[in-house]
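Here is a brief report on a two-chain model. Keep the sequence and the structure open while you read.

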Amino acid sequence: MAAIDQSKIRNFCIVAHIDHGKSTLADRIIEKTGLLTSREMQAQVLDNMELERERGITIKAQAVRIVYNAKDGNEYIFNLIDTPGHVDFNYEVSRSLAACDGAILVVDAAQGIEAQTLANVYLALDHDLDVFPVINKIDLPSAEPERVKNEIEDVIGIEAQDAPMISAKNGIGIEEVLEAVVEKIPAPKGSPDNPLQALIFDSVYDSYKGVIVFCRIMEGRVSKGTPIRMMATGATAEVVEVGYFGAGQFIPCEELSAGMVGYLTASIKNVKDTAVGDTVTDVNNPCAEPLPGYKKVNSMVYCGMYPADGAKYPDLRDALEKLQLNDASLHYEPETSIALGFGFRCGFLGLLHLEIIQERLEREYNLDLVTTAPGVIYRVHKTDGTMIELTNPSNLPDPAQIDYMEEPVVSAEIMVTTEFIGSIMQLCQERRGRYISTEYIEATRALLKYELPLNEIIYDFFDALKSRSRGYASFDYELKGYEESKLVKLDILINHDEVDALSFIVHADSAYERGRKMCEKLKDEIPRHLFEIPIQAAVGGKIIARETVKAMRKDVLAKCYGGDITRKKKLLEKQKEGKKRMRQVGNVEIPQSAFMSVLKLDDN
Amino acid sequence: MMEELSIYIHIPFCVKKCLYCDFLSFPAGEVKRGMTERKTALFDNGTAEDDIEHYVNLLHREIMLSAEIYKKYQVISIFLGGGTPSLLTAHQISRIMETVRSHYRVAQNVEITMEMNPGTIDNGEPEKYITSGINRVSIGLQSADDEELRRIGRIHDYAAFLKTYDMVRMAGFRNVNIDIMAALPGQDTASYERTLRKVTALAPEHISAYSLILEEGTPLYERQSEYSFPTEEEEQEMDRITRQYLASCGYHRYEISNYAGDGYECRHNKVYWQRGDYVGFGLGASSMVQNVRWSNPDTMENYAMYVTSAEAKWGYDGAEHCQFIKVNGLSGTEAGYIPYRQVLSRQEQMEEYMFLGLRMVCGVSAAKFEQIFGSPIEGVYGETIDRLRRQELLVRDGDGIRLTERGLDVSNYAMAQFLFD
């Protein structure tokens, strides 16, 4: 194989706000470089998980290597690295960016810059990437490319006047983008003769090859037989195969050397050993220092997941095990609930991550799940000086043992048109936000900065933001740290029995409101019994809200003669079947939908 | 002893469908609706009267051709239900009864009930019904309040009912049931109580007091938001009044919705709840014989085809074939027209024994259960019985197992527990 000229390699990614056309542009680039015929193209090649396509977002970073014959007569190798587009996956984004030397910034010609665009661009600039903009969707009637160019220059401070004007959807201006990649994105640096230093930016588990590690070689070289060590996790292995990314497939090659992007396999059994951000080096000739920027990814959001049918517990365990093989950021441990039986407390990067896992469990593993209200990790400082990290509200120590509690707080940036500033500020206020600043980006748009408790935004903040800004606001956040807070545990008592799966931690000031809404919702969910059922919300043993499910008065078929019997029996069967799907708490039967309904308290 | 059989004969015609009705019934002129052109030939004469006459002919043929199957049975009750059987002429009724009498062994003391709707019988007809052998009449009144009647789409007023009732009594009927309904739109406890008083003043032998059930697909169900129904509390009060008042007038409650003077419980209905054998003739009619349940075709086209095909195959004397049917149910061509047939398993029989039997105030007999199924009831339902007793929905006194008054109110809840997983 002919040695690859490092100066003809371009490693880059595309950054954009959701819906601004990142994946479509990636498709067009792959198409134009001739690697695939149009017929072979799936609608969006990079998003190859079914779920990703349906949601229109990219979950896992992926990469593709393509060959471009430039106008200067040379053949270039492009490594296009796709990045997840959601704030839940910020760390993965940052590692993917670190694998690149430059980035294409896609901005919608009609929408202009949005909060997430900014967040991603700043992230790219922080990684010293050369960023050049392209203006997409120029064929839309509402396109204002000149305004958007000025905005890019004013807000981000990068040159935009000669930005390619394109329509990724209709294939307009793609050639220009490819030429710009050659011209504006620098070739990688690094020497093949230095000790191996490779950045892991993703990995997938394959049942035949073990973990397939996606990496960017910064220094040195790696090939079959190289003994390697992951510097942060300490795992060692011997390389079995190296290669690069075809469109949707792995293509083995002899060697990967400095500047190249590709994969390696080494019979590694667990993605935990190949943490994103870790540095791979040669055991026999190790590099002095790992690459900067590695951090252990922690779950931000926790919830209980239970099989709707208790007998499916082993199936759920197997499914989680399999998902974790491919997703090191998914955490779970067994837990038991009086109401829901055996299940797992699961940790996620964010609510989107939670929803994706939940959907995959239901869809790919055919499981029916009952999920408890998602919560964040609280720090409980006890009077004896120790601190526990609380992921399950049921484990809150006795109030007498608690000195104080802390909750995670995020720094949030909200981009909004000026007409909605008032309503968005009010929303942040309601969610216990601390106002930091307002920056006017242009006459009609502003960037609001707030500090918000994480538990106020994990449920429905994004939805509320969208509805209060008629869809115009965009939002990005990062964890700032922990702050002391007046937190209480809200318990729900059904017929005087505490239902552990319904307990959650809430700020003292919102306890009454949440409690009242919970009771109202549960009242509609719990069917009538032979007796009256009080539904109470309590904080520290004190009842703060109550509703009552009235006793069943009448449940009778007035007529049952010769022709009715079969039909009436079906009715009784349905009634019995409904009962079977309920969870017994004390002598009350609670439908599983009740546990889920309290997750959506604000959609009235 | 000879085995007993009850016969149900369905007359699907009515003047106009009531807004709450989900029975298989329709105005006579609409028989041909939905039929293919070829099959309309079976009903080619056109008028409503002709439709009815055709139907009576089919009934006549079905009753005759089934006779062989039931020759070892003694018929203890016959029930002409609908629809509105009184839409038939006295002659047609008499012809149907004659067919039954001449082809089946009918017991001396047979109970023969005919349903009637006010305003559908002419002078002199009740006398002819008596001559045909009918000895019990069931009249659908529903309410003594004209406004309430109008709201649920009844074709008559209270005065028309009174006239019918008088005619029936004058003709000499000594066993009369009146149907009434609670929980009607616009009804309140006072108006309901007036209906009860007026009805009991007429001293019928039997009263069926139903609560209105909104059945899916009926106009009343579809348009329920346009009506104002009694509240849950009012409905409960109506139930209470029914029990208390009818008891004070000498009617004992013997089933969820049925009340009778001494000796006047309806034999036919008890057959359903006690799982006696019954055969249904006519459009969509249901049967249960020797633990096989089936129902007849429910379109006129298929019903006509079914009768014709059965005749061709069985002849009028298909004794062997009939024996086969008795054991195995229907099969072959005619079975193709049967929309539903089920051979009940032992467990299904037990379930029915309980949920049908417990509809009756006297409940079920533990000894009889053991006699039928060969195992003591405790072994099968002991846990359920104990649980329901603890909840005070059921009592066990000696051999009898029955629901309490509260148990009858929430009988679906109680009965569902007797179904197997």
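## Helix α3 of chain B

The model is predicted. Helix α3 of chain B covers residues 90-103, 14 residues in total. From its first C-alpha to its last it reaches 20 Å, close to the 20 Å expected at 1.5 Å a residue.

Six names make up the buried set in α3(B): Gln92(B), Ile93(B), Ile96(B), Met97(B), Thr99(B) and Val100(B). Seen down the helix axis, the buried residues fall within an arc of 150°, so they line one face of α3(B). An α-helix has 3.6 residues a turn, so residues three or four places apart point the same way. On the other side of α3(B), His91(B) and Ser102(B) are exposed. The cover over the buried residues of α3(B) includes strands β1 (3-11), β4 (73-82) and β5 (105-116) of chain B, along with helices α2 (48-66) and α4 (125-132).

## Backbone points in chain B

Most residues other than glycine have a negative phi, and most peptide bonds are trans. Chain B has exceptions. The bond from Gly82(B) to Gly83(B) is cis, with omega near 15°. Gly83(B) sits in the loop between β4 and α3 of chain B.

Gln290(B) is not a glycine, yet its phi is positive, about 45°. Asn291(B), also a residue other than glycine, has a positive phi near 60°. Gln290(B) lies in the loop between β12 (286-289) and β13 (292-295) of chain B. Asn291(B) is in the loop between β12 and β13 too. Gln290(B) is exposed, because 11 other C-beta atoms lie within 10 Å. Asn291(B) has 15 C-beta neighbours inside 10 Å, so it counts as partly exposed.

## Val176 of chain B

Val176(B) belongs to strand β7 (residues 176-182) of chain B. Is Val176(B) buried or exposed? It counts as buried, because it has 21 C-beta neighbours inside 10 Å.

Leaving aside neighbours within four places in sequence, Val176(B) contacts Val137(B), Ile139(B), Val168(B), Pro204(B) and Glu205(B). Pro219(B) is 43 residues away from Val176(B) along the chain, and their C-alpha atoms are separated by 30 Å.

## Chain contact and confidence

The contact between the chains takes 19 residues from chain A and 31 residues from chain B. On the chain A side, the residues divide into 9 nonpolar, 4 polar and 6 charged.

Chain A averages a pLDDT of 86, and 93% of its residues score at least 70. Residues 36-45 of chain A have pLDDT below 50; beyond near neighbours in sequence, this stretch has 15 contacts in the model. Residues 47-61 of chain A are also below 50, with 34 contacts beyond near neighbours in sequence.

Conventions: Residues are numbered from 1 along each chain as its sequence is written. Chains are lettered from A and ligands numbered from 1 in the order in which they are written. This is a predicted model: local features need pLDDT of at least 70, side-chain atom pairs count only at pLDDT 80 or more; totals for chains, interfaces and linings use all residues. Two residues are in contact if their C-beta atoms, placed from the backbone, lie within 7 Å. Ala, Val, Leu, Ile, Met, Phe, Trp, Tyr, Cys and Pro count as nonpolar, Asp, Glu, Lys and Arg as charged, and the others, Gly among them, as polar. pLDDT is the predictor's confidence in each residue, from 0 to 100. Helices (H or I, at least four residues) and strands (E, at least two) are DSSP runs, numbered from the N terminus. A residue is buried if 20 or more other C-beta atoms lie within 10 Å of its own, exposed if 12 or fewer, and partly exposed in between; C-beta atoms are placed from the backbone. The expected span of a helix is 1.5 Å times one less than its number of residues. The arc is that of the directions from the helix axis to the C-beta atoms.
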